[in-house]
Amino acid sequence: MTIASQSIEEFKECLYQMQEARKLVTKEILTTGHINAEKVQIFKNTLEKMRDERTSKNHIRDIHSRGTTFGINIQDEIKGLQVVILSVAIKNFYFQKDHEFLDAFALESEKEESFNDRLKLSDLPGLLSKFSKDRESFDAEVMKCRAFLLDLIDTQVTGKKPLFITDWDGTMKDYCSQYATNLQPAYSAIVMGVFARHFTRAFAVLTAGPLRHPGILDLTAIPIDGPVLFSGSWGREWWIHGRRVVHDDGIPEEGTVAIGQLYEQLEEILHEGEFVQFALVGSGVQKKVDRLTLGVQTVFGQVPEDLSARYIDAVRERIHRVDPNSQYLVLENCSPLEIEVCVHSSGAVWNKGDGVAALVESNNDSLKIGKVCVAGDTASDVPMLQKAAEENPDEVRALFVNVSMELQKTIVNIVGDTSRTCFISCPDVAHAAFAQIICELAA
Ligand SMILES: [Mg+2]
């Protein structure tokens, strides 16, 4: 007997429910230092579901919606699944990362072990090294990153803990084929949360994607009112102390209204059979403060070209309905993978540097105090570094992931001192270094 394919809504719901459960697990570990093994049942259920017969051996899963069936590649979701499965023998590598890691926190021993004992026991740096492409260079990068971070958190001269501002995708989280289901693993959430709490005065995530529906607040495994601050739309919207703070300077109100109306129109066309899969293609549908970002093709080129073209036409047609005189909205072809519908802005173009300024203002902080570390992986993250360097040239630091030699040069020039820069090749290096420092220093 075959099981009917899963609907797109069920598929997303299933993953988001699991991510909420993952936040609870992270919260429990951050608070008590361990987890109750019973709480991890949902992960086991989700994993079993993701790997049932509706997913083929090459990780293509059939999804259906209103008469259309299409395959999506869920290899990344399976990799990242919070494998807390304690009783199932797991063959897959990536499951093992979290499985082995969280196992250390679910020990049902009589001894009252501290969080640090358990973190040491999990040997996260060793585990991540084991799964890296090249153990030797991974370990060397972790050593380098550890030294860089130790210098960052040293408060002897400044007397203040540092500010840590980071991009998300590509910097703290590996890229994934579907933005909407790129969920953060638990090991990442736990070491990031503890590092933030112990060693920084603020640890802020500044991403280009939205805050919600889905956005960074849905995709992270860190409790959202916990030790890490989150923002979306290049730092135009922040989640601070339990509320959404929006910086919409330069955006005409009519434009905001038009974006909202267009988003509703798109919800409609995404429910009309033919275009359903675009809710999950690449970027999916992301509603940001001043624009909508729409995925039109996957990195694997799985969407037929004519379907993609028809979708773009349908979007154009809806833009025309909402804004018949083209007063407020403009369609931009950003890349073969996505298009953006933006509000005409009245003034200068907002970048992530403005996002950093918005953060320190909303959080009553200053870039001039103590040390400031900016982490990123693309040229769009450089304005954050420039902003920090302008305000605090002597204590700015840069941690960049997998960047070209050319971008490295730019970064070194901005910081003005190679000893305050660190270049690594993947997010796991930073996670391993966080874990080492926590084990060494956090009491
Ligand atoms: Mg990035």
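Across which strands does helix H14 lie? Helix H14 (residues 405-415) lies across strand E14 (396-401) and E15. The helix runs at about 160° to E15. The structure described here is a predicted model. Its chain averages a pLDDT of 85, and 88% of the residues score at least 70.

Strands E14 and E15 belong to an open sheet of 8 strands. The strand order is E8-E7-E6-E5-E4-E13-E14-E15. Pairing in this sheet is mixed. E8 and strand E15 (421-424) stand at the edges. Each has a single partner strand, so one side of each is left without a neighbour in the sheet. From one strand to the next, the twist averages 20°.

At the E8 end of the order, strand E7 (residues 237-240) runs antiparallel to strand E8 (residues 243-246). The two are joined by 4 bridges. Glu-237 has Val-246 in E8 as its bridge partner. Trp-239 stands opposite Arg-244 in E8. The hairpin of E7 and E8 has 2 residues between the strands. In this hairpin, His-241 takes a positive phi near 50°.

A further open sheet is formed by 4 strands, in the order E9-E10-E12-E11. Here the pairing is antiparallel. The edges are held by strand E9 (285-287) and strand E11 (329-333). Each of these has a single partner strand, so one side of each lacks a neighbour in the sheet. Neighbouring strands are turned by 15° against each other on average, direction ignored. E11 pairs with strand E12 (residues 338-343). This antiparallel pair is joined by 5 bridges. Within the pair, Leu-329 stands opposite Val-343 in E12. Helix H10 (residues 253-270) lies across E9, strand E10 (291-295), E11 and E12. H10 runs at about 25° to E10.

Two helix pairs were also examined. In one, helix H5 (residues 115-122) meets helix H15 (residues 427-441), with axes that come within 9 Å and cross at roughly 135°. That angle makes H5 oblique to H15. The crossing of these helices is left-handed. H5 contributes Phe-115, Asn-116, Leu-119 and Lys-120 to the contact. H15 contributes Ala-435, Ile-438 and Cys-439. By class, the contact of H5 with H15 has 5 nonpolar, 1 polar and 1 charged residues.

In the other pair, the axes of helix H12 (residues 352-362) and helix H13 (residues 382-391) come within 6 Å. They cross at roughly 50°, which makes H12 oblique to H13. H12 passes H13 in a right-handed crossing. On the H12 side, the contact involves Lys-352, Gly-353, Val-356 and Ala-357. These meet Pro-383, Met-384 and Lys-387 in H13. The contact of H12 with H13 has 4 nonpolar, 1 polar and 2 charged residues.

Note on methods
Residues are numbered from 1 along each chain as its sequence is written. This is a predicted model: local features need pLDDT of at least 70, side-chain atom pairs count only at pLDDT 80 or more; totals for chains, interfaces and linings use all residues. Side-chain values use heavy atoms; hydrogens and water are left out. Axes are lines fitted to C-alpha atoms, for helices over the stretch in contact, and angles run from 0 to 180 degrees between N-to-C directions. Angles under 35 degrees count as roughly parallel, over 145 as roughly antiparallel, 65 to 115 as roughly perpendicular and the rest as oblique. A crossing is left-handed if the near helix is turned anticlockwise from the far one by less than a right angle, and right-handed if clockwise. Contact means heavy atoms within 4.5 Å. Ala, Val, Leu, Ile, Met, Phe, Trp, Tyr, Cys and Pro count as nonpolar, Asp, Glu, Lys and Arg as charged, and the others, Gly among them, as polar. Two strands pair if DSSP finds at least two bridges between them. pLDDT is the predictor's confidence in each residue, from 0 to 100.
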